[in-house]
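Here is a friendly briefing to read alongside the coordinates. It goes through strands, charged pairs and a surface patch in turn.

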Amino acid sequence: FTEEKFGQAEKTELDAHFENLLARADSTKNWTEKILRQTEVLLQPNPSARVEEFLYEKLDRKVPSRVTNGELLAQYMADAASELGPTTPYGKTLIKVAEAEKQLGAAERDFIHTASISFLTPLRNFLEGDWKTISKERRLLQNRRLDLDACKARLKKAKAAEAKATTVPDFQETRPRNYILSASASALWNDEVDKAEQELRVAQTEFDRQAEVTRLLLEGISSTHVNHLRCLHEFVKSQTTYYAQCYRHMLDLQKQLGSSQGAIFPGTFVGTTEPASPPLSSTSPTTAAATMPVVPSVASLAPPGEASLCLEEVAPPASGTRKARVLYDYEAADSSELALLADELITVYSLPGMDPDWLIGERGNKKGKVPVTYLELLS
């Protein structure tokens, strides 16, 4: 090994395919480590908490349950509402927001648990299991190669010494004793060459066997990629579920706050500001709704109890209606809303004084309010 480092010994080179397998395995290991560490940061941004969880895992002890930031905020809001007055408008709102934050915290806890099992655990198992086996076999292969190269060098030296011993000495400098010594040395070097050749054959066999074992393990990296791909799909699925739950909780909270705000601040339209949630399509639904032509309607002038009745009596405008594709399923909260199914097409339009987060949707004979964030406006 030292002679190789100084360039004084020949090295048995592996074939190009084997070298490619080694490079791919090293790249897989390096990127798996980076993805694992960054995913841990995503799920638990607190470095102290990550160190604590790591120590619990190394000691084979169960990680204690930890309160999420959302749940802690919910507890503070609930305590504040209890002390400041749960019957006051501020206290009632604190209670509603606290409940939503508690639901967000519970959703976050479920997401962390699911992602840890379906994504982090397989990556960690690869690094702590399969990769350690591959590394061990690679070290054995390195030792077998060094043994093989040492045998080759020994045989080369033995043959050189044998050739030198069999060289006929100069007649003028020879004596009978020199001929005897020369013949004896030649015989000894013949035995040394035979022994070196036998060791070389054994070393070559051991090297070939270890190379085949290592090659099979390295080719198994393809199966590892397939497994990690499946785990990645599971991670995306759990993340999608988590953000969908968060969106639903916040949308419900926004509805609750909107109805209470109308009672607290009469004469003020709720939802006249920009929507809190970002648009789901490249075309801003809020902007599209604001720029669509509107038609006069008695719905905005009717008392709240008669809104649904007047809504059914209003005909769509002659121009200004648009087609929209539904992005997600939506369950109507009351009779004034229209239930939606993902991927269906409906006709939508706006009415004067409506909350910009809502449009009027029509499907066949059914009509009702629909949230713009669930739609992709087509034309």
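In the hairpin of β3 and β4, 2 residues sit between the strands, and G364 takes a positive phi near 65°. Please keep in mind that this is a predicted model.

**Strands**
- Strand β3 (residues 358-363) is largely enclosed by the rest of the structure, because 5 of its 6 residues are buried.
- β3 runs antiparallel to strand β4 (residues 366-371), joined by 6 bridges; G361 has G368 in β4 as its bridge partner.
- Strand β2 (residues 345-349) is also antiparallel to β3, with 3 bridges between them, and Y349 has I360 in β3 as its bridge partner.

**Salt bridges**
- The count comes to 16 salt bridges.
- R363 pairs with E344, with the closest N and O atoms 2.9 Å apart. This pair links distant parts of the chain, as R363 is in strand β3 and E344 in the loop between β1 and β2, 19 residues apart.
- R363 is partly exposed at 26% relative accessibility, whereas E344 counts as buried at 15%.
- E376 and R325 form a salt bridge, their closest N and O atoms lying 2.7 Å apart. E376 is in strand β5 (residues 375-377) and R325 in strand β1 (residues 322-326), so the pair ties together parts 51 residues apart in sequence.
- E206 and R209 form a salt bridge at 3.2 Å between the closest N and O atoms; they are 3 residues apart in helix α6 (residues 176-219), separated by about one helical turn.

**Surface patch**
- V67, L72 and Y76 form a nonpolar surface patch with about 310 Å² of accessible area together.
- L72 belongs to helix α4 (residues 69-84) and is partly exposed, at 37% relative accessibility.

Conventions. Residues numbered from 1 in each chain as written. Predicted model: local features only at pLDDT ≥ 70, side-chain atom pairs only at ≥ 80, totals over all residues. Heavy atoms only, no water. Patch = residues over 30% accessible without salt bridge, like charges linked within 9 Å, V, L, I, M, F, W, Y side chains within 5 Å. Areas by Shrake-Rupley, 256 points an atom, 1.4 Å probe, with all protein chains shown as cover. Salt bridge = Lys/Arg side-chain N within 4 Å of Asp/Glu carboxyl O. Helix = DSSP H or I, 4+ residues; strand = E, 2+ residues; numbered from the N terminus. Buried < 20%, exposed > 50% of the residue type's maximum accessible area, 1.4 Å probe, protein only. Pairing = 2+ DSSP bridges.
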